[in-house]
Amino acid sequence: MEKKTNPVVSGVKFLGNDLREIGTTFKEGDWKTRLSYLIMGFGPLSRGQLVKGLSYLLMEVLFFVYMVCFGWKYFSKFTTLGTVETTKQHRVTVYGDNSFLILLFGLLTIIAVLALIFLWRLNVAENRKEELLLKSGKTLPSNKKVLGSLLDANFDKTLLALPVTGVFVFTVLPILFMICVAFTNYDANHQSPTNLFTWVGLDNFANLLNFGSSGFALTFFKVLGWTLVWALFATFTSYFLGMAVAILINKKGIRFKKLWRTILVMTIAVPQFVSLLYISKMFAADGLVNSYLMKWGWIRTAIPFWTDANLARVMIILINIWIGIPYMMLIATGLLMNIPEDMYESARIDGASPFAMFRYITLPYMLFVTGPFLLTQFTGNLNNFNVIYLLTQGKPQSIALSDNAGQTDLLVTWLYKMTVNDTNYKMAAVIGIMVFIVTAVISLVVYGMLPSVKSEEDFQ
Amino acid sequence: MNNKSENFASMKRKQRIGNAFCYALLVLISVIWLFPFVGLLLQSFRSYATEYGGMVNYLVPKNFSLDNYRFLFTGETNFLRWYGNTVVIAIFVSIGQTIFVLCVSYALSRMRFKGRDFLMRFWLILGMFPGFLTLICLYFLLKQMGLTQAGAVPGLILVAVASSGMGYYVCKGYFDTLPMALDEAARLDGASRARIFFELTIPLAKPIIIYTALVAFMAPWCDFIMASYIAFGHDSSYNVAVAMQRWVFTNDYQGYFTRFCAGGVLVAVPVTLLFMFLQKYYVEGVTGGAVKG
């Protein structure tokens, strides 16, 4: 159990200790160490630690080159996101400031500064370590050894260098950028590079919670409501029906088990854009289902599978079962075999009905083991783009919903439409943050309630 | 004695009725699950010339023809190019993602270093942001590198591989089950971490490598959001999903429905065969991932 400490107090304490250590290093250090405070890596270099010294020095040089040639130009305009409009002079477009690049590279510059401070601190610590080592009469490791450690003791750094950089450039930076966009007026009327956009504070969030006719609130809460309902149904229908099918196939005396499983697994194998688009056409007004029902005289007019909002929602959930059962069936098949057979045997001797056995043996075990899986399924379904987009594209449209949201739109498909069709980036960013908050809150709350979390170590 | 055998007989009869019911249910399920694929296949044989390529009110074509397949291969569209793009993307993404995931999983499972918990927690939080949020930003990043439109294929590979380290969960879960004692024994014998990784862990991780590569290989076949945004308007950089979804969605392509079916069959068959061939590993990965979360 962790001790409850005030994070602010411990943070200040940590910072204080750190500053004191930087001070002592300077006071007790020799001139090489002291010069390292300005020229990073000077200490290690003068002590023969070429590899370490050169990397610190290189980082510092790179930082200043970046700042002078690139970073400062953008960072200096970060507070306004640019003031010089793009104009047309004698039919020639003279480009002014580009708010998009100012925001993006301004953020990158801030991160670069933080990274340099961090590296500088490491550089100070390295000097301290070397001095103490030398003072105690030991020798410093050879350069070859330092490099070699990248394949041994420091192998984690080698392994993680590329993946972490990749995540930083293609996930962290874009997410930070979009979070910032939520506080700007970046939309169809403020498109860079032709137009500037600028900071607007919390205006967009106010707009999101504005229940007036110009506000987003009504639509937002309707879409959010359907998103939650969808995720709940999509997760649990697939979960229980998938388990039922697994039990059915596992049943004693049923033959061709492999065949049944293979048929179901086809759904996973065939790319969804093929199967789901085909199914969406199958239930279209002029699709196979309607035309056969009409030919047989069961109905007069086509059933509005995709044009009636409620019917469309039911259809989406039903078709999602078609997708979801095979996954759950595979997982459940493996897990069901782990339940000891003699538990069922003794239950049978006690005269338990098959349903009672499921209720008191199978289900508790499955819920215990698959708790975290259910949670990830639920959050995955909150963001289940493919099923909705391939089946309905969020349609049918309705005048009850503003900003092009359709009756079957989830928050993510709505976000996508806002980005691609309406270029309403500011609100797309706000919705994205809302999706994050919903996902995070549900994950945190549910995760704490899972029975298997408390005994997590048992499985390792 | 008599009573007992009668009991036995009734039990057997009961079981037989139960099983018959189960078989009926399984057959029904199979029909529902297979119907879309059978429909897709049948309609792909309906001729554009002699019948109609759009939506009709019957399933089995009156005359079987290979018109639609011929259309795809004779160069009226860039179909072969799209197909090639998708195969190239899928292969490179598969290789790249597998390498990234293996690296991250080994580091997080086998090594304890400063910032490990922070990294795992940070990536978990990052994963809660919806993927399409960053669409425009990624587009501009790639544009700066010249990897949009004409360069969309390498661009898509880059985007898919770069952030793939975050999907380490299943693979790390598998590594966690490999006994630590093996590593320790090898280290006592003087093997470096890198040697253990390449010569001990990777050979043991064959099932999970195949699983990771398979899942990564299948994803690009379905990717039309990122692909359509990044390749925007540049027909020869499209992948099959981007190109062929137009044939279903857009009205300009009236009568292209059977062509979509034919293309769909050509996409589905190789991917499905590959999947069925490696199904064992997929099941292992999915089940392991579900239990360890």
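## A buried helix in chain A

Let's start inside chain A, where Phe273(A), Val274(A), Ser275(A), Leu276(A), Leu277(A), Tyr278(A), Ile279(A), Ser280(A) and Lys281(A) are buried in helix H11(A). This helix spans residues 272–282 and is mostly covered, with 9 of its 11 residues buried. Please keep in mind that the model is a predicted one.

## Where the two chains meet

Now to the contact between the chains. On the chain A side 78 residues take part, and they are in contact with 69 residues of chain B. Helix H7 of chain A, residues 155–181, gives the most to the chain A side, contributing 17 residues. By class, the chain A residues that touch chain B divide into 53 nonpolar, 19 polar and 6 charged.

## The nonpolar core

Which residues have the most contacts inside the largest nonpolar core? They are Leu415(A) and Leu156(B), in a core of 172 residues. The largest share of this core comes from H3(B), which supplies 14 residues. As background, nonpolar side chains tend to be buried together in soluble globular proteins.

Leu415(A) is worth a look in the viewer. Neighbours within four places in sequence aside, Leu415(A) is in contact with Ala428(A), Ile431(A) and Gly432(A) in chain A, and with Pro130(B), Phe132(B) and Leu133(B) in chain B.

## Two helices crossing in chain B

H3(B) also packs against another helix of chain B. A pair of packed helices is described by the angle between their axes and the distance between the axes. Here, the axes of H3(B) (residues 79–110) and H7(B) (residues 169–177) come within 9 Å and cross at roughly 45 degrees. The crossing of H3(B) past H7(B) is right-handed.

From H3(B), the residues that meet H7(B) are Val101(B), Leu102(B), Ser105(B), Tyr106(B), Leu108(B), Ser109(B) and Arg110(B). Their partners in H7(B) are Cys171(B), Lys172(B), Phe175(B) and Asp176(B). Sorted by class, this contact has 6 nonpolar, 2 polar and 3 charged residues.

## A glutamate in helix H1 of chain A

Finally, let's visit Glu21(A), which lies in helix H1 of chain A, residues 7–28. Is Glu21(A) buried or partly exposed? Glu21(A) counts as partly exposed because it has 14 C-beta neighbours inside 10 Å, whereas a buried residue needs 20 or more. From C-alpha to C-alpha, Glu21(A) and Phe368(A) are 49 Å apart in space, and in sequence they are 347 residues apart.

Key. Residues numbered from 1 in each chain as written. Chains lettered and ligands numbered in written order. Predicted model: local features only at pLDDT ≥ 70, side-chain atom pairs only at ≥ 80, totals over all residues. Contact = placed C-beta atoms within 7 Å. Helix = DSSP H or I, 4+ residues; strand = E, 2+ residues; numbered from the N terminus. Nonpolar A, V, L, I, M, F, W, Y, C, P; charged D, E, K, R; others polar. Axes fitted to C-alpha atoms, helices over the stretch in contact; angles between N-to-C directions. Left-handed = near helix turned anticlockwise from the far one by under 90°. Buried ≥ 20, exposed ≤ 12 C-beta atoms within 10 Å, placed from the backbone. Core = buried A, V, L, I, M, F, W, Y, C linked by C-beta atoms within 7 Å.
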